[in-house]
Amino acid sequence: MTVPRHVAIIMDGNGRWASRRGLPRSAGHKAGLKPVRTCIELCRRLGIPYLTLFAFSSENWSRPVTEVGFLMNLFIETIERELDDLAQQSVEVRFIGDRAALGAPIVERIVAAEARAVPDAQLRLTIAIAYGGRWDIVQAVRGLATDVAEGHLAADEISEAELAKRLGLGSLPDPDLFIRTGGEKRISNFLLWNLAYSELWFSDRLWPEFSADDFAEAVADFSGRERRFGGVPSVERT
Ligand code: IPE
Ligand code: IPE
Ligand code: MG
């Protein structure tokens, strides 16, 4: 079976999961931690080396301040609590997103988590917080402009590769498989550049209920797809 090297997930449906149970939305966000663990475990088992999760978008700042506050505290607590376990499981953690928009307590945890050395990590887990695909492209372009202005790069040396390496995901391979739970069929400003040729998988399952079987089903479907990247099927080459 061809497994993807890089899976990117929009973890959506926490609020609806909670509302259907008569619970506050925050209960849904809390319940969303379990499928995160499940997906990490499955990536390790299947030999998938890169997992990228969308935890909080640049548009999510428009949510009620209580929900935003709850999420930030949940991120802080979770990073602190899980870091040792993750390192033990050979998982290294990175974050992408606009740190200038985040408060000092969470930035401190992010910096500490990224400083944790995990030699020969089996899995790189990237968590997108305060992340927007357009923001990411703009900050990469700003980096290019600065390098040109300072004479480190000529304008005609600007290329896809030069832009891509300044994006949040940097030198990581593009996601092979994109998963969105919660039934909506949109990208919601996730990795706009990096998803150019990803295979897309939409699940109606609400994120807190996304199981190992659901993840395995998405990977199995991926393995049966023919990726042509604009070319022609290899059997039809003459
Ligand atoms: C995704 O679940 C989690 C975040 C955006 C933080 P939602 O909170 O968007 O859940 P629904 O879509 O309202 O059900
Ligand atoms: C996308 O979900 C962001 C995250 C899962 C972190 P949203 O629920 O915010 O997206 P929309 O509002 O359905 O586009
Ligand atoms: Mg949502």
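Some ground rules. This is a predicted model, where local features need pLDDT of at least 70 and side-chain atom pairs count only at pLDDT 80 or more, while totals for chains, interfaces and linings use all residues. Residues are numbered from 1 along each chain as its sequence is written, and side-chain values use heavy atoms, leaving out hydrogens and water.

Now the fold. There are eight helices and six strands in the chain, as DSSP runs numbered from the N terminus (helices H or I, at least four residues; strands E, at least two). In sequence order the pattern is β-α-α-α-β-α-β-α-β-α-α-β-β-α. The radius of gyration is 19 Å, close to the 18 Å from the globule rule for 238 residues, so the chain is as compact as a globular protein of that length. Both use C-alpha atoms or the rule itself, 2.2 Å times the number of residues to the power 0.38.

Of the 238 residues, 44% count as buried, meaning under 20% relative accessible area with a 1.4 Å probe, protein chains only.

Last, strand E3, residues 91-96: five of its six residues are buried. E3 pairs with strand E4, residues 123-131, in the parallel sense over six bridges; pairing requires at least two DSSP bridges. Ile-96 stands opposite Ala-128 in E4.

Notes: Chains are lettered from A and ligands numbered from 1 in the order in which they are written. Buried means under 20% relative accessible area, exposed over 50%, partly exposed in between (1.4 Å probe, protein chains only).
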